[in-house]
Amino acid sequence: MDSKDWTGRTDGTDWMLRSLIWFFRWMPPRVLYAVMGLVVPFYMLLRRKSFLAIYHYYRQGHGCGRLRAFVNVYRNHYAFGQVILDRFAVYAGRRFSLEIEGNEYYKRIADQPGGAVFLSSHTGNFELCGYLLNSVGKHLHALVYAGEAEAVMENRRRVWAAHNVTMVPVRDDLSHLFAINAALEEGDAVCMAGDRLLGSAKSVVCPFLGRPARFPLGPYALAVQRGVPLVALFVMKESASRYHVYVQPVRLTAEEEALPRRQRMEALARAFAAQMERIVKQYPHQWFNYYDFWNTGSARP
Amino acid sequence: MEELIQQLKEEIIQALNLEDLRPEDIDADAPLFGDGLGLDSIDALELIVLLEKNYGIRLADAAAGKEVFRSVRVMAEYVAAHRTK
């Protein structure tokens with residue numbers, strides 16, 4: 001499947017999503033996890049493309065044998081289910097405990113004048129970053145896929161607004177560009193996915209888990225164009241009630257600093273790919289790119 | 001105006017890394033996005049930054065951008081009328 005076909009839309013009708021939030025107000029999370037665990041095998045069977053993408057991720061990316069890869073596909077889907085349920089738990093008002101690694105660096109970036117670009121990825125549970133951002137002065141503008149289900153958008157808007165976060169939907173009219181450009185100029189932060197193409201089709205092929213994969217050029221181009229710091233954020237689930245947040249600068253080496261602009265952008269993409277690889281090796285089941293991530297067939301320079 | 005068009009073409013080629021193009025390869029009246037030069041959103045941001053840095057022009061929104069980036073000639077006319085440096 002081409003990555004452009006993958007829309008990243010949360011499944012389920014608005015009615016279902018609303019009911020889920022309602023359930024969360026009185027159902028213990030562990031009960032919901034257990035029910036979800038029973039549904040996962042059916043989901044795996046019905047979503048053959050996602051199944052195969054993750055199966056190959058374990059086979060080739062982590063060197064798992066057939067049986068182990070199969071069991072791990074279940075664990076991966078289960079982890080994804082937990083992350084989605086946790087997201088609704090937040091909409092319903094639940095709080096998780098967060099352990100933050102790199103908080104000093106984060107505070108420095110947040111407190112200094114001038115913009116910054118934060119990189120999200122489809123690992124762990126990035127949306128929970130809202131808590132982290134709550135405590136700082138920098139307003140955050142998050143680029144999001146414009147076609148999400150209305151119930152998801154509505155709840156995000158509500159929860160995120162309380163945490164100083166504005167959503168910027170990516171549209172064909174390029175309105176998002178003006179929004180993020182103005183935001184960076186005013187010293188705000190912009191957040192976008194560092195691992196998936198959204199908007200521009202331009203990409204950088206980087207080594208990832210032993211094979212070349214396509215990363216978007218956009219976020220890295222933006223950091224170089226505007227000369228702002230680039231920060232990777234990973235929010236990884238540790239237990240039913242605990243998450244570990246990693247705040248990491250994405251930097252160029254001294255030699256890379258001297259390269260022409262375009263090559264600096266590409267070097268930043270490779271740096272992020274290496275950082276994400278370390279995270280994914282540490283949390284192999286929290287990888288949620290359900291398409292052939294290593295398909296570089298339609299790569300555009 | 002022709003001088004400004006030429007200058008803009010050179011700046012566009014440099015900013016967008018279009019090394020295989022010469023200024024005369026760019027039609028001053030062709031659209032920059034879509035069918036013309038085929039630029040995309042990353043390029044658009046480069047052009048927004050270019051107008052800001054080189055001419056002190058801040059484009060307010062997507063509507064202004066759509067208007068200004070119709071062609072290099074339109075861009076030059078806009079720059080001539082609104083430049084602050």
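## Helix crossing in chain B

A crossing is left-handed if the near helix is turned anticlockwise from the far one by less than a right angle, and right-handed if clockwise. The crossing of helix 1 and helix 4 of chain B is right-handed. This is a predicted model, in which local features need pLDDT of at least 70, side-chain atom pairs count only at pLDDT 80 or more, and totals for chains, interfaces and linings use all residues. Residues are numbered from 1 along each chain as its sequence is written, while chains are lettered from A and ligands numbered from 1 in the order in which they are written.

Helix 1 of chain B spans residues 2-15 and helix 4 of chain B spans residues 72-82. Helices are DSSP runs (H or I, at least four residues), as are strands (E, at least two), numbered from the N terminus. The two helices pack at about 110°, with axes 9 Å apart. Axes are lines fitted to C-alpha atoms, for helices over the stretch in contact, and angles run from 0 to 180 degrees between N-to-C directions. Helix 1 and helix 4 of chain B are therefore roughly perpendicular (65 to 115 degrees).

From helix 1 of chain B, B:Leu4, B:Ile5, B:Leu8 and B:Lys9 meet residues of helix 4 of chain B, including B:Val72, B:Met75 and B:Val79. Contact requires C-beta atoms, placed from the backbone, within 7 Å. By class, this contact has eight nonpolar, two charged and no polar residues. Nonpolar covers Ala, Val, Leu, Ile, Met, Phe, Trp, Tyr, Cys and Pro; charged covers Asp, Glu, Lys and Arg; the others, Gly among them, are polar.

## Chain B overall

Chain B has four helices and zero strands. Its elements run α-α-α-α from the N terminus. The C-alpha atoms fill a box of roughly 30 × 25 × 20 Å along the principal axes. Among contacts between residues at least 6 apart in sequence, 60% join residues at least 24 apart.

## Chain A against chain B

In chain A, 16 residues are in contact with 13 residues of chain B. Helix 8 (175-185) and helix 9 (218-226) of chain A are the elements giving two or more residues to this side. The chain A side divides into seven nonpolar, six polar and three charged residues.

## A:Gly81

A:Gly81 sits in helix 4 (residues 66-91) of chain A. Leaving out residues up to four places away in sequence, A:Gly81 touches A:Met36 and A:Val40.

How values were computed: Parallel < 35°, antiparallel > 145°, perpendicular 65-115°, else oblique. Contact = placed C-beta atoms within 7 Å.
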